[in-house]
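Please read it alongside the sequence and the coordinates.

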Amino acid sequence: MPFPQLFSPLDLGHVTLPNRILMGSMHTGLEDKASDYDKLAAYFAERARGGVGLMVTGGIAPSIRGWLKPFGGRLSMPWHKPRHRKVTHAVHAEGGRICLQILHAGRYGYHPLSVAPSKIKSPITPFTPRALSSSGVRTTIGDFVRCAQLAREAGYDGVEVMGSEGYLINQFIAARTNRRTDAWGGDATGRMRLAIEIVQRTREAVGPDFILIYRLSMLDLVEGGQDWGEIVTLAKAIEAAGASIINTGIGWHEARIPTIVTSVPRAAFAWVTGKLKGEVAIPLIATNRINMPEVAEHILASGDADMVSMARPLLADPEWANKARTGHSERINTCIACNQACLDHVFKNQRASCLVNPRACHETELRIEPTKTPRRIAVVGAGPAGMACASTLAERGHDVTLYEKAEEIGGQFNYAKQIPGKEEFHETLRYFRHRLGDTGVNVHLGQAADVTGLSAGHYDDVVVATGITPRQVAFPGSDDPRVLNYLDVLARHCQIGKKVAIIGAGGIGFDVAEFLVEAPPSPTTNIPRWASQWGVDMQLSQRSGLQTAQPESPARAIWLLQRSEGRPGARLNKTTGWVHRATLKAKHAIMLGNVHYQRFDDQGLHVSINDVAQILPVDNVVICAGQEPNRRLADDLLAAGIKTHVIGGAAVAAELDAKRAIAQGTALACRL
Ligand code: FAD
Ligand code: NAP
Ligand code: SF4
């Protein structure tokens, strides 16, 4: 057994879980419409088949006032049960277990009916909540209890009461959001009362043989949160009230310290759960940035927790648990914590999926089925698009040859993996190395494919995934050897001076800026160093776990520039862009819009900023001005009458990212 702790059973009294893996709650968007529950059932069934010990649904509101958004997922009426039964039946048919998460959004509700302990608007929602009256509080407790009873009737194995992340219960607990003077506010005891009564009354209503998880905010990471003593008191009271398990919550959604993005070190917060060990007797679950079995095993073996929670890693690979159990962790499709297809979608009201696994939440629609007409297919380019396409084609039974002109697979992921905080991109390359081998793709490295060779190969189809070329920008002096592009920095590792201007503030401009300001090794590899840079108090001596951030000195002075007006980085992804902007701000990078580039010479880069001429005294300029499709091969093949399909950057470079490249490669392979 490669991971003995992870795969040891967990006895909860009335039920024994087969392992210590919890699939944590993750909103997918499928919870919100009754017509999507067949898809939701297929999504959970696939993960149950993958061997996870226990799963938790996305947040389901116990009432309309508790909605996350208008018409969001809710379980408050008997006629809501049949749709939930589809989920519980599908999971039980695969031998799995599932709890329903009861989530009352409180002031995070994105609708005008939201309620909260006090009338205080959150910084991340436009609606000001109404303060609940005392009888409104009683009604809310009843809503939680009824929701749990209905969950039991719908076949769930238990519920998780969401008490963290800044949602309603957490809003009651924290003085930051609870200014009440009645029995539900005032001192810490009054503020905790709602949480304790909900757990107590729920346990009374559902009986002893039903799992009751309480998600407890152990580190608020916002001003006016709890101190450690109060957290321990609450945990003990929650245990006494009848919870079976305590899950960890880290950081409110409005916190300005990242808690799950890829630059957060793996298992960065397991020590918080570890500190609560011994204070209660019921099992504790560690969460956040746990994505590989080695990490999970280490947390359990070091005694920091009894179980680990992973949500996104099980989106990325439904077979995660089975692969770990059978000693094949090198074949896990690892979650790279990019948020691009999961949380960013949810924030845009789109269905969640996964950048590295486009089948996530599309199980019934994107099927990889054996082909009835096997063909000989060449795929050109082993970037994300080509790797996904070639391996899926081969899995379906086609005879696939993959040509890559570089000496290694991966395309631009080989540059991305060098950015501090993007170390996880190595894992995607490792996964595809195995997947290409396992599916039997003939991989030819160091071989640029051309029309002559491809016609001589007599392939039935050619898939062109040749990616992009960096956009050139011409201005007087741009031919100076000190003017470079991002490949000179990340592929050719050219010498770079101490003062650098970056032309172009898109995703790559930001990444290159972070590469140049951060002295190696990356803080992502060291939890105490990372915590000190962001102001996380690892001693837990300060309220909310906050202390003054101590960013390290920048390795270089950076000017990050764009022509368009406004704040650079405004178009970066919703859930991660702010982290990139804050990282560079802490390193004193100067980020400017409305910049026009005039010339480069020995004085530096001559620009006009808001129509005022300036000279930026830089040693180097690095151009990160977007990308153009590398279509030449595709055009030549089409001209030669060869059946050609074009995917990824080779098809359209504008707004290309790995999410689109992998999804497009997989979808084409499922069709051919
Ligand atoms: P590419 O990755 O460009 O791959 C094309 C491949 O084709 C290359 O390996 C090339 O050598 C090969 N090739 C070209 N011509 C031939 C030929 N004639 N014969 C054989 N082989 C050939 N995206 C995200 O979604 N999230 C991120 O966080 C992110 N970070 C990034 C950070 C950096 C620094 C960079 C540079 C990119 C980042 N990207 C990110 C973008 C992402 O990597 C690309 O969108 C993605 O790689 C595009 O995939 P692709 O397969 O279309 O092309
Ligand atoms: P990009 O996001 O399109 O940004 C290009 C930048 O160059 C913009 O700031 C643009 O702003 C500027 N620019 C464009 N044409 C220019 C010109 N002719 N002269 C000067 N400046 C010019 O492209 P990218 O940064 O190269 O990234 C490529 C792709 O990789 C993107 O689609 C991105 O999604 C993806 N990526 C994603 C991530 C991520 O974390 N999700 C990270 C890296 C890359 P102005 O026009 O205002 O000057
Ligand atoms: Fe993980 Fe990114 Fe997939 Fe979300 S989209 S599950 S963060 S790899």
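Helices (H or I, at least four residues) and strands (E, at least two) are DSSP runs, numbered from the N terminus. By that numbering D488 lies in helix α16, residues 486-490. This is a predicted model, in which local features need pLDDT of at least 70 and side-chain atom pairs count only at pLDDT 80 or more, while totals for chains, interfaces and linings use all residues. Residues are numbered from 1 along each chain as its sequence is written, chains are lettered from A and ligands numbered from 1 in the order in which they are written, and side-chain values use heavy atoms, with hydrogens and water left out.

**Cavities**

- A cavity is a set of points, on a 1 Å grid over the protein atoms alone, where a 1.4 Å probe fits but cannot get out; lining residues have an atom within 4 Å of a point.
- Grid points are joined across faces, edges and corners, and a volume is the space filled by probe spheres set on the points.
- The structure has 2 cavities of 30 Å³ or more.
- For residue classes, Ala, Val, Leu, Ile, Met, Phe, Trp, Tyr, Cys and Pro count as nonpolar, Asp, Glu, Lys and Arg as charged, and the others, Gly among them, as polar.
- The lining of the largest cavity divides into 11 nonpolar, 2 polar and 1 charged residues.
- The second largest cavity has a volume of about 40 Å³, and its lining consists of M218, L219, D220, Q226, D227, W228, I231, L540, Q542, S544 and G545.
- Strand β9 (211-219) and helix α6 (228-241) each contribute at least two residues to the lining of the second largest cavity.
- By class, the lining of the second largest cavity contains 5 nonpolar, 4 polar and 2 charged residues.

**Aromatic rings and charges over rings**

- Rings of Phe, Tyr and Trp (its six-membered ring) pair if their centres lie within 6.5 Å; planes under 30 degrees apart count as stacked, over 60 as edge-to-face and the rest as tilted.
- The count under this rule is 8 aromatic pairs.
- In one pair, the ring centres of F269 and W530 are 5.9 Å apart and the planes stand at 85°, so the pair is edge-to-face.
- F269 is in the loop between β10 (245-250) and α7 (270-276), whereas W530 is in helix α18 (residues 527-534), so the pair ties together parts 261 residues apart in sequence.
- F269 and W530 are both buried (buried means under 20% relative accessible area, exposed over 50%, partly exposed in between, with a 1.4 Å probe and protein chains only).
- A charge sits over a ring if NZ of Lys or CZ of Arg is within 6 Å of the ring centre and within 35 degrees of the ring normal.
- The charged end of R193 is over the ring of W184, 4.1 Å from its centre.
- R176 lies over the face of W252, at 5.9 Å from the ring centre.

**Buried residues and their contacts**

- Contact means heavy atoms within 4.5 Å.
- Q226, one of the residues lining the second largest cavity, lies in the loop between β9 and α6.
- The relative accessible area of Q226 is 4%, so Q226 is buried.
- Not counting residues up to four places away in sequence, Q226 touches I173, M192, S217, D220, I231, L234, R543 and S544.
- D488 has 14% relative accessibility and counts as buried.
- Apart from neighbours within four places in sequence, D488 is in contact with H493 and C494.
- T371, in the loop between α11 and β13, is also buried, at 15% relative accessibility.
- T371 touches R396, G397 and H398, again not counting residues up to four places away in sequence.

**Backbone geometry**

- Most residues other than glycine have a negative phi, and most peptide bonds are trans.
- E165, which is not a glycine, has a positive phi of about 60°.
- E165 is placed in the loop between β8 (158-163) and α4 (168-173) and counts as buried at 10% relative accessibility.
- C361 also has a positive phi, near 65°.
- C361 is in the loop between α11 (343-347) and β13 (376-380) and is buried, with a relative accessible area of 1%.
- P520 and P521 are joined by a cis peptide bond, with omega about 0°.
- P521 is in the loop between α17 (507-517) and α18.

Note on methods: 1 Å grid on protein atoms, 1.4 Å probe; cavity = no way out; pocket = protein on both sides within 12 Å on 5 of 7 lines; lining within 4 Å.
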